[in-house]
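Please keep the sequence and the structure in view while reading.

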Amino acid sequence: MDGVISTRDKKTRGSAARRGEAVTCGPVGIIYGGQGDLDYEFPFCRSGVRKFRRGEVIAGAGDAVDMFARVQRGMVSASTPLADGREFIVEIIPKGGLIGELEVLRKQSLSLEYRASSDCELHYFDGRLLRDLCANDPQFQVKILSKALARVSELELRIISNAGSSLRQRLARTLLRLSALYKVDALHSGDELIISQHDLAATLPASREKVNQCLRRLRESKVVDGTQGKIRILNRKALEAYAEGMESLA
């Protein structure tokens with residue numbers, strides 16, 4: 001965003017150089033209770049389009065926010081550092097997801113770092129227009145806050161669920177959750193996940209060594225397969241059984 005998300009002339013971790021920019025003004029309508037969805041449709045112009053390569057930093061914690069973004073293509077991770085210096089990926093945002101909308105409404109700085117999990121394209125919107133619309137349209141305000149609340153609730157339930165789970169359960173649940181996110185994009189079936197071992201470990205969170213050991217056992221059981229940077233789900237029922245804490249059905 002200009003001055004906020006993605007317009008970062010200063011150097012950032014991951015060499016977040018900008019790739020291509022097109023300023024557009026293509027207004028689209030929002031349809032309440034119809035085919036339209038808030039994550040895709042807005043009743044005002046987008047102010048810009050930016051593309052990022054996998055691994056590039058889109059915005060950092062502490063950046064001032066006056067615009068917000070919608071993921072038009074690809075996936076974006078939101079992370080924060082842990083006390084021991086490791087990275088914790090709090091959320092992976094798929095196509096259609098929003099970045100920075102709550103910070104815009106609250107006039108706050110970003111609390112997480114956003115990075116391209118894959119090659120992605122983001123569309124940007126003026127934060128002032130969002131604040132004005134929420135102030136003048138209670139129905140729109142309810143919709144956008146409900147979306148945000150659903151994300152927070154999902155994160156809370158996931159943290160509670162993971163607290164008493166084994167690493168194998170957490171890994172299985174994470175792979176299934178990522179599979180569902182990949183299905184949002186019509187280009188992916190959801191059975192092949194493009195994720196590095198570092199990002200997978202940061203999502204759990206757990207050490208790379210322990211995650212690699214767990215993945216090796218899943219490969220040996222022919223539940224998953226894959227090469228560096230990719231994981232392919234071979235036996236979804238067995239993975240679901242692991243996620244529930246049961247023995248594999250393989």
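## An aromatic pair

Rings of Phe, Tyr and Trp (for Trp, its six-membered ring) are taken to pair if their centres lie within 6.5 Å, and planes under 30 degrees apart count as stacked, those over 60 as edge-to-face and the rest as tilted. A search of the whole structure on these terms returns one aromatic pair. Its members are F68 and F125, which are stacked, with 5.4 Å from centre to centre and 25 degrees between the planes. Because F68 lies in strand β4 (residues 67-73) and F125 in strand β9 (residues 120-126), the pair ties together parts that are 57 residues apart in sequence; strands here are DSSP runs of E with at least two residues, helices are runs of H or I with at least four, and both are numbered from the N terminus.

Accessibility is described as buried under 20% relative accessible area, exposed over 50% and partly exposed in between, using a 1.4 Å probe and protein chains only. F68 is buried at 0%, and F125 is also buried, with 2% relative accessibility.

## Basis of the model

The model is a predicted one, in which local features need pLDDT of at least 70 and side-chain atom pairs count only at pLDDT 80 or more, whereas totals for chains, interfaces and linings use all residues. Residues are numbered from 1 along each chain as its sequence is written, and side-chain values use heavy atoms, with hydrogens and water left out.

## Helix packing

Two packed helices are described by the angle between their axes and the distance between the axes. The axes are lines fitted to C-alpha atoms, for helices over the stretch in contact, and the angles run from 0 to 180 degrees between N-to-C directions. The axes of helix α4 (residues 167-182) and α6 come within 10 Å and cross at roughly 75 degrees. The two helices are therefore roughly perpendicular to each other, a term for angles of 65 to 115 degrees, where those under 35 count as roughly parallel, those over 145 as roughly antiparallel and the rest as oblique. Contact, meaning heavy atoms within 4.5 Å, is made by L167, R168, L171 and L175 of α4 and by K210, V211, C214, L215 and L218 of α6. These residues divide into seven nonpolar, no polar and two charged, with Ala, Val, Leu, Ile, Met, Phe, Trp, Tyr, Cys and Pro counted as nonpolar, Asp, Glu, Lys and Arg as charged, and the others, Gly among them, as polar.

For helix α2 (residues 127-136) and helix α3 (residues 138-163), the axes come within 5 Å and cross at roughly 115 degrees. L130, L133, C134 and N136 of α2 meet P138, F140, Q141 and I144 of α3 in this contact, whose residues comprise six nonpolar, two polar and no charged.

## A buried glutamate

E87 belongs to strand β6 (residues 87-93) and is buried, with a relative accessible area of 14%. Its side chain makes a polar contact with the side chain of R115 at 2.6 Å and another with the side chain of H198 at 2.9 Å. A polar contact is a pair of N or O atoms within 3.5 Å; within protein, one must be able to donate a hydrogen and the other to accept it, and residues adjacent in sequence count only if both atoms are side-chain atoms.

## Backbone geometry in loops

The peptide bond from L204 to P205 is cis, with omega near -20 degrees, and P205 is placed in the loop between α5 (197-203) and α6 (208-220).

K107, although not a glycine, has a positive phi of about 55 degrees; this lysine is in the loop between α1 (101-106) and β8 (113-116) and is exposed, at 65% relative accessible area. K222, also a residue other than glycine, has a positive phi near 60 degrees, lies in the loop between α6 and β11 (224-225) and is exposed at 62%.
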